[in-house]
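Dear colleague,

Please find below the structure that I am handing over to you. A summary of the findings follows it.

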Amino acid sequence: MIEISYMVNPKTEFNKSNNFSYSIVVVVEHPYKEMFGDSSNLTVTNPVPGIITNACGNKKCVVAIITMGLEFIC
């Protein structure tokens, strides 16, 4: 049986207190207007590095980084 737990910005204690086999972290860039949010400095900003460290510190881990090319307006 597979059980999935979801939490935004989990703390280290959450991962340690549960018997998880894996951690999956999905990082999505902040939305911005084309050309008005572009950056030549391609880095992952806070608090993301801490979230990855907390989630992956003591587990097998997968990190997915999702970037957007153009905004979609629905």
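**The disulfide**

The structure, which is a predicted model, holds one disulfide. A disulfide is a covalent bond between the sulfur atoms of two cysteines. Here the bond joins Cys 56 to Cys 61, with 1.9 Å between their sulfur atoms. Cys 61 has a relative accessible area of 31%, so this residue counts as partly exposed.

**The nonpolar surface patch**

A nonpolar patch lies on the surface and consists of Ile 24, Val 26, Val 28, Val 62 and Ile 66. Together these residues have about 450 Å² of accessible area. The elements that contribute two or more residues to the patch are β1 (22-28) and β2 (60-66). Of these, β1 supplies the largest share, with three residues.

Is Ile 24 buried or exposed? Ile 24 counts as exposed because its relative accessibility is 67%, and the cut-off for that class is over 50%.

**The surroundings of Phe 20**

Phe 20 is placed in the loop between α1 (12-17) and β1. Its relative accessible area is 22%, and Phe 20 is therefore partly exposed. Which residues does Phe 20 touch, when those up to four places away in sequence are not counted? They are Ser 5, Phe 14, Asn 15 and Lys 59.

With kind regards

Technical notes
Residues numbered from 1 in each chain as written. Predicted model: local features only at pLDDT ≥ 70, side-chain atom pairs only at ≥ 80, totals over all residues. Heavy atoms only, no water. Patch = residues over 30% accessible without salt bridge, like charges linked within 9 Å, V, L, I, M, F, W, Y side chains within 5 Å. Areas by Shrake-Rupley, 256 points an atom, 1.4 Å probe, with all protein chains shown as cover. Salt bridge = Lys/Arg side-chain N within 4 Å of Asp/Glu carboxyl O. Helix = DSSP H or I, 4+ residues; strand = E, 2+ residues; numbered from the N terminus. Buried < 20%, exposed > 50% of the residue type's maximum accessible area, 1.4 Å probe, protein only. Disulfide = S-S within 2.5 Å. Contact = heavy atoms within 4.5 Å.
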